[in-house]
Amino acid sequence: VGTGVGLLMGEGTAADAGTPLVTATEDPNVAAAIGGGERDLAFDLIPGQRPEYTPVADHYRIDIASRPIEIEEATWTLPISGMVAENREWTLDDLKAYDSVEEIITMQCISNRLGGDLISTTKWTGVPVRTLLEELDIEEGGEWLRIDGGDGFFEYVNIDMIMNDERIMFAYFFDDEPLPTRNGFPIRIYIPERYGMKQPKWITSMEVTAEDEQGYWVRRGWSEDAIMNTTAIVDVVGQNALYRDADDNIRVPVGGWALAPTRGISKVEVSVDGGEWEEAMMREPLSDKTWVKWRYDWLFESGTHNFEVRCYEGDGTLQPTDEQGVRPDGATGIHAVSQRLANTLDEASDA
C-alpha cells in the first residue's frame with residue numbers, strides 16, 4: 001500500500017516534467033544522519049522512488065503481540081543468568097555509559113516479498129553486546145546467548161560470533177532518539193546481515209546456554225541462519241518524469257534499490273522487454289549495511305514495457321535469480337515492473 005501511495009502522490013505532472021532530475025541534492029535528513037559528510041550522489045531520486053532514509057515513524061514492524069509492549073524505564077533492567085559464574089544486570093543508564101557504536105542500517109523482514117514494504121533504513125545507536133559479555137566469567141561450555149523479549153519472542157545467538165563482531169549491538173536509539181515503544185523500547189538487538197526474525201525487541205533478559213535450542217521463528221519452520229538475500233527492486237518507472245536529453249531524445253527514468261548487507265553492491269543492470277542488460281547509475285550507499293539506490297534513464301518508446309533489474313555483490317557475484325517465495329529463507333528472483341508509457345511531453349506542448 002505504501003509503495004502504491006508513493007507512486008500516486010510523488011510523481012508530479014507532465015507540466016513540470018521537462019527537466020532532467022539529475023541534480024544530486026542531498027536529503028537534509030540524510031545529511032544530519034551522516035554528520036554532514038559528503039558522498040557521491042550521482043543523481044536525484046525519481047519522484048515515487050522510496051526515500052533513502054526512513055523516518056522513524058514509518059519504520060516497518062512485524063510483531064507477534066497484538067500491541068507494542070510497554071516497558072517502564074525506571075524499573076527495567078537487563079539481567080543475565082545461566083552458565084555464568086555470577087548473575088549480573090544493567091540499567092539503561094548503565095548501557096548508555098559504555099562507549100557507543102552507531103550504524104545506518106537497512107533492516108528487512110524475512111516475509112518481505114520482492115518489492116514489498118517490510119524494509120526500512122535508519123541510524124541505530126547502542127552498545128556492542130560483547131562489551132557486556134567481556135565483564136562476565138562464562139563457564140566452560142557456555143556457547144549460546146538466549147535473548148528474550150517482553151512479547152515472548154526469543155532467539156539464540158552464538159557467543160563466539162558476538163565476541164568477534166562489535167557490530168552486534170543492543171540498540172537504544174533510532175535516529176539519535178530513544179527507541180519508540182512500537183520499535184522495541186528500551187533496547188533491541190542488531191545482528192548484521194540477518195533478517196529481522198533473528199532480532200528480538202523489548203529485550204528483558206539474557207541466559208548463557210550450552211545449546212542452540214532454536215529461536216521463536218526457527219521452531220516454526222523459518223530459516224536457521226536467516227541471512228538476507230541479495231536482491232534488486234524496481235520502485236518506479238517515471239511516466240510522469242519524462243524529460244528531453246541534450247540530443248532532444250525523450251527519456252524515462254527508472255529507479256529502485258539493491259541490497260546485499262555488508263557484502264556490498266558492485267553493479268546494477270536493467271533489461272527492458274527481454275533485451276540486453278544495461279548498467280544503471282548507483283548512488284554511494286549510506287553505509288555498507290544499507291541498500292543502494294539506482295537509476296536508469298531509458299530511451300523512451302510509447303507502449304507497454306517490462307522493466308527487469310538484477311544486481312551483483314561487491315565481489316562480482318550475481319544475485320540469486322531463481323524465483324523463491326518468502327518461506328523459509330526469504331524471497332529471491334528477478335524483480336520486474338510492467339508500465340504503459342505515453343508521450344506526455346508533446347501533449348503538454350500542444351496544450
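Tutor: Two strands count as paired if DSSP finds at least two bridges between them, strands being DSSP runs (E, at least two residues) numbered from the N terminus. This is a predicted model, in which local features need pLDDT of at least 70 and side-chain atom pairs count only at pLDDT 80 or more, while totals for chains, interfaces and linings use all residues. Residues are numbered from 1 along each chain as its sequence is written, and side-chain values use heavy atoms, with hydrogens and water left out.

Student: Over how many bridges do strands β14 and β18 pair?

Tutor: An open sheet of four strands runs in the order β15-β14-β18-β19, with antiparallel pairing, and its edge strands, β15 (278-279) and β19 (335-341), each pair on one side only. V272 stands opposite F307 in β18. Strands β14 (residues 265-272) and β18 (residues 303-313) pair in the antiparallel sense, and the number of bridges is seven.

Student: At what angle do the ring planes of W298 and F307 lie?

Tutor: Both W298 and F307 are buried, that is, under 20% relative accessible area with a 1.4 Å probe and protein chains only. A search of the whole structure finds nine aromatic pairs, a pair needing ring centres within 6.5 Å. The W298 and F307 centres are 5.5 Å apart, and the pair is edge-to-face (planes over 60 degrees apart) because the planes lie at 90°.

How values were computed
Phe/Tyr/Trp six-rings, centres within 6.5 Å; stacked < 30°, edge-to-face > 60°. Buried < 20%, exposed > 50% of the residue type's maximum accessible area, 1.4 Å probe, protein only.
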